[in-house]
Structure formats: C-alpha cells, structure tokens
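Subject: Structure for you to look at

Hello,

Here is the structure I said I would pass on. Please open it beside this message and find the residues as you read.

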Amino acid sequence: MRILSGIQPSGKLHIGNYFGAMVPMLDLQHKGEPYYFIADYHSLTSVSEPDVLRANVRDAALDFLACGLDPEKAVFFRQSDVPEVNELAWILSTVCPMGLLERCHSYKDKLAKGFSPNHALFAYPVLMAADILLYDSDLVPVGKDQKQHLEVTRDLAGKINEKFGDDILKMPEPFIQESTAVVPGLDGQKMSKSYNNTLPLFGGKKALRKLVMRIPTDSTPVEDPKPTEGSIVLDLYKLFATEADYNQMIADYKAGGFGYGDFKQRLFDAYWDHFEEARARREELEQNPQLVEDVLQAGATKARAKARIVLDRVRGAVGLA
Ligand code: TYM
C-alpha cells in the first residue's frame with residue numbers, strides 16, 4: 001500500500017497540520033510505503049520571497065524529522081525536485097473541466113481573502129492531483145479541508161482511465177480521521193496559516209504561552225461553573241491531554257472555582273510537554289543542515305525513479321512520444 005501526503009511550506013507548521021496530517025502520516029509510515037513531500041511549488045502561490053520559501057522548506061523538513069519521520073522508511077522529498085509532476089499536471093489539465101475547479105472551496109476562500117485570481121491558484125488542485133497520481137498512491141492522509149481536492153483527483157484519474165484505458169492511473173482514497181479532521185484555531189475558526197490563529201509546533205516558551213493566553217473566553221466569574229460547549233481551550237486541551245486529565249478539566253469547568261487562566265495554563269503545559277522530545281531532536285538536527293539536505297536529495301532520487309515509470313505509462317497512453 002502506497003501512502004502519500006504533502007504539506008505546504010508557506011509558514012510555520014502548526015498543530016492543525018500536526019494532528020490533521022502529520023500524526024496520521026507518521027503512524028502510517030510503518031504500515032506501507034510512504035511518500036511524503038514538502039509542496040514548495042504549491043507555496044509559490046502564496047510566498048513570493050525566495051529566501052523565505054527556502055527557509056520554510058528547511059523548517060518543514062526539520063519539523064518532520066524532529067517529530068519522527070524516519071527517512072529509512074519514508075521517501076521524503078521536496079516537490080520541486082521532481083519536476084515530472086508538472087508534466088502530469090498538464091496532461092490532467094486537458095481532461096479537467098473548468099467547472100470542477102471553479103467549484104473548489106479553497107479557491108473561492110482565497111479569492112474572498114483578497115488573493116488575486118491567477119492561473120496557479122485556479123489550477124492548484126490539478127497539481128495536487130498530479131502529486132498523488134504520479135506515485136500510484138493508494139491512501140492520502142489529510143485534514144478535512146483537502147477532501148474536495150481528493151475528489152477532484154479521483155475525478156481526473158477516472159477521466160484519464162475512461163478516455164485512454166483502464167488502469168493507467170491508480171484511484172487513491174483519502175484518509176481523514178474524524179476526531180482531528182478540523183483542528184480549531186485560537187479564535188475558534190479552522191486553524192490556518194492564513195488566518196493568523198495558529199499554535200506552531202515549535203517556538204520560544206514565552207511566545208507560545210502568550211498565544212495560549214490570548215485565546216478568547218467568556219466573562220464567567222472565577223467561582224461560577226463554566227460552559228464546556230464551544231470552549232476553544234477545552235477543545236485544544238483534548239488533543240494533548242490524557243483522557244483522565246481531559247475529564248478532570250471538564251469536571252473543573254462544571255464545578256466552578258477555577259479561572260480561565262488556570263485552564264489555559266494546563267493547556268499550555270500539555271502542549272509544551274507534548275513536543276519536548278521533538279524539540280530536543282530538532283535542536284540537534286539544526287546543527288547539521290547538510291543532513292537534512294541529504295535526506296531530501298536521497299528522497300528525490302527515489303521519488304523521481306517512481307515518477308518516471310508512471311509518467312511514461314501516461315505519456316504512452318495519451319500518444320506522446
Ligand atoms: P496544507 O499545507 O494547507 O496543510 C497540510 C495538511 O494539514 C492539514 N490541515 C489541517 N487538518 C486539520 N485541522 C486543521 N486546522 C488543518 N490545517 C491544515 C491539511 O488538511 C493537510 O492535510 N494542498 C495541500 C498540500 C498538498 C497535498 C498534495 C496534500 C499538495 N499536494 C498531495 C496531500 C496530497 C495543502 O495545502 O495542505
């Protein structure tokens with residue numbers, strides 16, 4: 001079973017990325033053949049400074065390795081080191097109706113947020129489909145916001161197979177875990193780099209604590225019971241806490257006598273402790289930038305070999321030399 005997923009290096013990776021995608025990716029790396037990549041072509045739609053993009057790619061690679069990606073198990077690479085993906089994207093474009101892309105929520109959201117509607121933003125899901133189909137992927141662990149892009153991918157694979165012959169492209173399945181499909185941000189909306197409401201995986205203790213303390217809460221007095229429904233602090237705490245600690249926090253909400261500052265401190269402690277080991281590993285890895293680059297280069301060589309096989313199959317089927 002081939003497992004594939006990617007993350008955009010468009011800013012610091014956050015706990016939405018972590019619980020929604022990285023944790024399932026890391027869990028699955030021992031259950032199949034993982035292909036994991038840093039989607040730097042995709043990030044060109046939002047990052048326009050070359051040095052920032054390069055630094056983000058490096059940071060994303062460090063984050064993955066620190067959190068437990070095993071380069072002996074997973075083919076870990078930079079998307080742009082396999083330029084073949086663009087050729088498959090072009091071929092997929094030829095069977096992709098405009099309407100399919102016009103309906104994509106993420107495109108519409110970006111326009112609503114003031115992005116100017118350029119071609120890359122519009123064609124983004126086609127490149128993502130190519131990412132997936134280029135490696136004969138079976139399973140794609142992602143958060144819920146990518147579900148529609150997976151549907152586009154399946155649609156395009158179906159169109160190619162229908163037009164040019166069965167079994168040219170493998171039909172992938174999304175892997176979305178209900179409990180972490182949409183991790184809320186500090187403001188209660190979906191956590192997202194573009195909403196400025198994220199908790200990054202790594203950072204200085206003071207700065208991260210400040211972010212947690214900024215979470216909005218209501219004005220229930222300390223001594224009164226607090227509403228558990230819709231509490232961002234509680235929802236985030238659930239991601240990090242043991243079941244017993246989480247149940248204790250619910251009981252303390254209901255009992256009254258505890259202020260929100262106390263609950264936020266518990267959330268911060270659980271969040272900080274969760275990444276303690278990864279933080280130490282990341283600091284170590286940071287001392288050795290060549291190692292990170294070597295891992296990505298070795299991954300690219302393996303990914304490219306696989307990509308070539310699939311691309312040649314598609315080229316032959318559609319009538320390219
Ligand atoms: P990106 O970089 O926006 O997000 C990376 C992964 O994190 C998940 N995610 C979340 N999950 C739960 N709650 C959240 N608040 C949250 N925020 C982000 C995303 O669903 C995603 O799984 N288009 C992709 C990158 C990509 C890709 C691919 C993914 C390019 N090609 C091929 C899979 C397969 C993206 O923008 O993800």
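Below is what was found, taken part by part. Please keep in mind that this is a predicted model.

Ligand. A shell of 25 residues surrounds the ligand, and the closest are Gln8, Gly16, Gly20, Val142 and Gly143. Two or more residues of this shell come from each of β1 (2-7), α1 (15-28) and α7 (119-133). By type, the shell holds eleven nonpolar, eleven polar and three charged residues.

Asp27. This residue sits in helix α1. Asp27 counts as partly exposed because it has 13 C-beta neighbours inside 10 Å, and a residue would need 20 or more to be buried. Leu69 is 42 residues away from Asp27 along the chain, yet their C-alpha atoms are separated by 9.4 Å.

Helix α12. This helix covers residues 260-274. Its 15 residues, at 1.5 Å a residue, should span 21 Å, and the end C-alpha atoms are 21 Å apart, so the two values agree. Which residues of α12 are buried? They are Phe263, Lys264, Arg266, Leu267, Phe268 and Tyr271. The cover over these buried residues includes α9 (205-213), α10 (232-240) and α11 (243-255).

Regards

Note on methods. Residues numbered from 1 in each chain as written. Predicted model: local features only at pLDDT ≥ 70, side-chain atom pairs only at ≥ 80, totals over all residues. Near = placed C-beta within 6 Å. Helix = DSSP H or I, 4+ residues; strand = E, 2+ residues; numbered from the N terminus. Nonpolar A, V, L, I, M, F, W, Y, C, P; charged D, E, K, R; others polar. Expected span 1.5 Å × (residues − 1). Buried ≥ 20, exposed ≤ 12 C-beta atoms within 10 Å, placed from the backbone. Contact = placed C-beta atoms within 7 Å.
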